[in-house]
Amino acid sequence: MTTKPKLRVGSHLLPGLAAVALFVVIAVAVLRASFGDPQGFPSDGSITASIGYAMFNLDMGAVPGEGFLVAFIVIAIALDAALDGSILLAKREEEGSAVALLADGGRQVHERLTDGTESDSDADDDGGDH
Amino acid sequence: MVPVQWYLLLATAVFCIGLFGILTRKNALLFLMSVELMLNAANINLVAFSAYWGNITGQTFSLFTMALAAAEVAVGIGIILVLYRNFDDVDVTLAKGMRW
């Protein structure tokens with residue numbers, strides 16, 4: 001006999017309903033709002049090139065925009081910091097010394113999956129001369 | 001030109017899908033994906049109004065937002081790795097204290 005899934009009604013549905021309600025509220029607000037006349041990009045001049053100029057504060061682009069050189073430097077430092085932070089978090093500390101994640105080539109995971117029975121014979125096979 | 005209201009409606013939908021995911025899920029990876037959805041909803045708004053007003057600032061800023069999202073994911077996945085190592089699970093409701 002097949003069973004069909006049932007919707008359990010209760011207070012645990014409230015967070016999901018809150019998200020849907022927020023969508024309804026914003027959608028009504030957006031659809032009722034009026035915006036000015038659209039300007040649009042100028043037909044001549046490259047948008048991509050203008051983005052490139054705006055990134056380095058060069059006032060040569062065909063499309064108007066602000067300079068982003070400081071934001072460019074700040075984001076470079078933030079990416080550097082994030083890279084260092086992620087490496088620090090992913091490091092594994094074992095017996096006082098820091099060991100990189102899976103630096104053993106996944107041997108530990110393999111031993112755990114095979115209960116250490118095959119790992120010895122595998123190591124012998126790999127180590128032999130062919 | 002597509003009216004800007006439709007872009008805003010799309011961004012609202014994407015944002016609320018992300019919010020829904022954060023409020024209803026327990027998996028840390030799904031949390032990360034939901035945060036990405038919310039960030040990208042903001043990007044849709046930036047690009048839509050950039051095209052609307054004929055100004056390049058919104059599009060340039062959305063590029064920086066994307067770079068920031070990449071940094072956030074790098075740190076987020078590092079945190080998820082630590083979470084898995086300490087709890088053998090990626091359920092965000094398991095980690096209740098600042099120390100264990």
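Figure 1. In residues 12-35 of chain A, the end C-alpha atoms are 39 Å apart, and the span is 79% helix and 0% strand. Helices (H or I, at least four residues) and strands (E, at least two) are DSSP runs, numbered from the N terminus. This is a predicted model, in which local features need pLDDT of at least 70, side-chain atom pairs count only at pLDDT 80 or more, and totals for chains, interfaces and linings use all residues. Residues are numbered from 1 along each chain as its sequence is written, chains are lettered from A and ligands numbered from 1 in the order in which they are written, and side-chain values use heavy atoms, with hydrogens and water left out. For residues 68-90 of chain A, the end C-alpha atoms lie 32 Å apart, with 96% helix and 0% strand in the span. Both spans, 12-35 and 68-90, carry the annotation "transmembrane region" in an unreviewed UniProt entry. UniProt positions are given in the numbering used here, feature names are shortened, and annotations may be inferred rather than shown by experiment.

**Figure 2. Chain A as a whole.** Chain A has five helices and two strands, and from the N terminus on they follow the order α-α-α-β-β-α-α. Of its 130 residues, 13% count as buried (buried means under 20% relative accessible area, exposed over 50%, partly exposed in between, with a 1.4 Å probe and protein chains only). The accessible surface of chain A is about 10200 Å², and carbon and sulfur atoms hold 59% of that surface. Accessible areas come from the Shrake-Rupley method with a 1.4 Å probe, and for residues only the protein chains shown count as cover.

Figure 3. A:Ala18 sits in helix α1, residues 14-32 of chain A. Its relative accessible area is 41%, so A:Ala18 is partly exposed. A distance of 43 Å separates the C-alpha atoms of A:Ala18 and A:Tyr53, which are 35 residues apart along the chain.

Figure 4. A:Phe56, A:Leu58, A:Met60, A:Leu69, A:Ile73 and A:Ile77 make a nonpolar surface patch of about 570 Å². Patches are made of residues with over 30% relative accessible area and no salt bridge; like charges are joined within 9 Å, and nonpolar side chains (Val, Leu, Ile, Met, Phe, Trp, Tyr) within 5 Å. With 43% relative accessibility, A:Asn57 counts as partly exposed; its phi is near 60°, a positive value in a residue other than glycine.

**Figure 5. The interface of chain B and chain A.** Here 37 residues of chain B are in contact with 39 residues of chain A (contact means heavy atoms within 4.5 Å). About 3300 Å² is buried between the two chains, 80% of it from carbon and sulfur atoms. B:Tyr52, B:Ile56 and B:Phe64 supply 20% of the area that chain B buries against chain A, more than any other three residues. Buried area is the accessible area (1.4 Å probe) that two parts lose on being put together, summed over both.

Methods: Salt bridge = Lys/Arg side-chain N within 4 Å of Asp/Glu carboxyl O.
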